[in-house]
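Here are some questions and answers for a reader new to this structure.

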Amino acid sequence: MAESAVGFSPGHISGYFRRFDGDSMESTGSCGGGIVIDKGVYAVVTPARETSVSVNVARSADEDTCIARTSPPIEYALERLGVTATVKTITSLPPGAGFGLSAAALLATLTAANALFETGLTDDAIARLAHISELEHQTGLGDVAACTGGGIVCRKEPGISSSIIRMNGSGVTLSALSYGGLSTADVITSPAQMARVKEAYSAECAKSPQDFFRISREFAEKSGLIPEEIRPILDACDEHGIPASMTMLGKGVFALGDQSFSVLSEFGIPCELHVAEEGFRLIEVK
Ligand SMILES: Nc1ncnc2c1ncn2[C@@H]1O[C@H](COP(=O)(O)OP(=O)(O)O)[C@@H](O)[C@H]1O
Ligand SMILES: CC(C)(COP(=O)(O)O)[C@@H](O)C(=O)O
């Protein structure tokens with residue numbers, strides 16, 4: 001057996017969504033639109049007698065800080081896979097803030113574990129296990145499906161094996177600024193909030209990046225989910241004519257175009273993002 005393996009998955013910013021509960025885990029999830037982003041999660045997996053997970057945020061190219069020493073979705077997924085391992089996940093984005101990092105961490109970890117332990121899962125099987133783990137822990141609904149590929153995505157059906165429309169996003173520049181997380185579980189398990197989300201949801205697929213932000217912002221405003229603390233950021237983007245909306249589900253804003261970074265910089269330290277060209281993948285086995 002190899003000593004270790006590394007997997008990667010892009011993150012996913014959801015712009016608009018609607019929960020659907022199907023008659024199986026595979027057919028349960030969400031419909032909606034989002035952007036698969038080039039930043040995501042790396043997972044380094046090494047064999048161990050017991051599973052342990054450390055969640056790390058990269059502060060620079062060669063320094064990262066451990067922010068948590070457990071990840072129930074990952075621990076659950078590895079148990080389902082029937083392996084025990086030491087897992088180190090690394091991301092430059094803030095976990096829990098609407099960048100789809102729970103899904104990305106699962107996909108990166110399972111991809112690496114599958115290669116390391118030679119468990120023979122196809123990419124579809126990896127995605128299915130990651131999706132089920134998200135649903136079991138209420139950490140997401142549609143991010144795993146989105147991160148099976150790249151692009152600006154439109155998911156017209158819920159679940160892990162539904163078709164997804166992917167618009168090419170090469171050349172598109174985005175910025176995002178986060179003021180912290182929202183509890184995904186609290187929101188997606190709230191009947192009242194899901195009723196407002198259903199009412200606000202529009203089953204449209206965007207025809208351009210600008211159209212994607214239009215649909216997303218209309219959804220965000222109607223859903224009642226926009227936290228007051230990000231309202232000034234959205235107002236500033238509107239004043240500068242920059243398409244922007246709320247990162248679902250986090251206290252953050254994402255915005256389109258080269259000028260968006262300077263406008264968001266008035267409110268904090270934004271990150272520059274691009275649209276991912278591909279989904280989760282194995283990086284190395286050694
Ligand atoms: N980078 C990560 N590495 C390992 N586990 C993670 C990571 N990000 C999130 N998780 C797990 O998923 C749970 C929920 O995350 P969530 O709020 O959905 O994050 P996000 O909004 O980024 O998807 C976290 O409490 C943690 O257990
Ligand atoms: C918006 C959300 C329900 C949660 O996204 P996150 O907080 O990033 O896990 C997402 O999974 C979706 O289905 O669109």
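Q: How many nonpolar, polar and charged residues are in the lining of the largest cavity?
A: The model is a predicted one. Its largest cavity is lined by Tyr16, Gly33, Ile152, Val153, Cys154, Ile165, Met167, Cys205, Ala206 and Phe212. Gly counts as polar. Sorted by class, the lining has 9 nonpolar, 1 polar and no charged residues.

Q: How much space lies in the largest cavity?
A: The count comes to 1 cavity of 30 Å³ or more. The space in the largest cavity is about 50 Å³.

Q: Which cysteine is joined to cysteine 154 by a disulfide?
A: The structure holds 1 disulfide. A disulfide needs two cysteine sulfur atoms within 2.5 Å. At an S to S distance of 1.9 Å, the partner of cysteine 154 is cysteine 205.

Q: How many residues apart are cysteine 154 and cysteine 205?
A: Cysteine 154 is in strand β6 (residues 152-155), while cysteine 205 is in the loop between α6 (191-200) and α7 (209-223). The pair links distant parts of the chain, and the separation is 51 residues.

Q: Why is cysteine 147 too far from the closest cysteine sulfur for a bond?
A: A disulfide needs sulfur atoms within 2.5 Å. The closest cysteine sulfur to that of cysteine 147 is in cysteine 271, and it is too far because the distance is 15 Å.

Notes
Residues numbered from 1 in each chain as written. Chains lettered and ligands numbered in written order. Predicted model: local features only at pLDDT ≥ 70, side-chain atom pairs only at ≥ 80, totals over all residues. Heavy atoms only, no water. Helix = DSSP H or I, 4+ residues; strand = E, 2+ residues; numbered from the N terminus. 1 Å grid on protein atoms, 1.4 Å probe; cavity = no way out; pocket = protein on both sides within 12 Å on 5 of 7 lines; lining within 4 Å. Points joined across faces, edges and corners; volume = space filled by probe spheres on them.
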